[in-house]
Amino acid sequence: MDNSTKIILFITYFLGVIIFIGLSIAIWKYKKFGLISGYKSSKIKDKEGFAKFVSINFIFWALLHLVASVIVLFNSYLGIWIHTIVFPIMIIVMILSLKRYTHN
């Protein structure tokens, strides 16, 4: 890949970092649960734990974006593969782990 493509990928991933950190702060500190797709307050049994868990996951996603944004400057394909492999795994783990905060 040429340098302009690497810079565009870097900027895109870095914007992801900013977005995930912003979402994390909004959910954890300001309890903006409406930002979570599919959120229904009647199904959540521990709102504090739920907010903390989702926020921590968003921080991990921000760190993944940060690492990928730096890697993409040196090896763009490796940065893309990190997203292709690690992101779906993190999403699956998050979905399976959310069951402890919800009613059946």
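Select His-65 and show what surrounds its side chain: apart from residues up to four places away in sequence, His-65 touches Tyr-13, Gly-16, Val-17, Phe-20, His-83 and Phe-87. Contact here means heavy atoms within 4.5 Å. His-65 sits in helix H2; helices (H or I, at least four residues) and strands (E, at least two) are DSSP runs, numbered from the N terminus. His-65 counts as buried because its relative accessible area is 8%. The classes work like this: buried is under 20% relative accessible area, exposed is over 50%, and partly exposed is in between (1.4 Å probe, protein chains only).

Before you move on, a word on what you are looking at. This is a predicted model, in which local features need pLDDT of at least 70 and side-chain atom pairs count only at pLDDT 80 or more, while totals for chains, interfaces and linings use all residues. Residues are numbered from 1 along each chain as its sequence is written, and side-chain values use heavy atoms, with hydrogens and water left out.

**Next stop: Lys-31**

Select Lys-31, in the loop between helix H1 (3–28) and helix H2 (47–74). Is Lys-31 buried, exposed or partly exposed? Lys-31 counts as partly exposed because its relative accessibility is 31%. Check the backbone too: Lys-31 is not a glycine, although its phi is positive, about 55 degrees.

Leaving out residues up to four places away in sequence, Lys-31 touches Ala-26, Glu-48 and Ala-51. For a sense of scale, pick Ile-59 as well: it is 28 residues from Lys-31 in sequence, and the C-alpha atoms are 16 Å apart.

**Along the loop: Ile-44**

Stay in the loop between H1 and H2 and select Ile-44. Ile-44 counts as buried because its relative accessibility is 9%. Which residues is Ile-44 in contact with, leaving aside neighbours within four places in sequence? They are Tyr-39, Phe-50, Tyr-101, Thr-102 and His-103. A C-alpha distance from Ile-44 to Phe-87, 43 residues apart along the chain, gives 25 Å.

**After H3: Leu-98**

Select Leu-98, in the segment after H3. Beyond residues up to four places away in sequence, Leu-98 touches Phe-50, Phe-53 and Val-54.

**The largest pocket**

On a 1 Å grid over the protein atoms alone, a pocket is an open set of points where a 1.4 Å probe fits, with protein on both sides within 12 Å along at least five of seven lines; lining residues have an atom within 4 Å of a point. The space in this pocket is about 380 Å³; grid points are joined across faces, edges and corners, and the volume is the space filled by probe spheres set on the points.

Which helix gives the most to the lining? H2 does, with four residues.

**Zoom out**

Finally, show the whole chain as a cartoon. You will find three helices and zero strands, in the pattern α-α-α along the sequence. The C-alpha trace spans about 50 × 25 × 15 Å along its principal axes. Of the 104 residues in the chain, 36% are buried.
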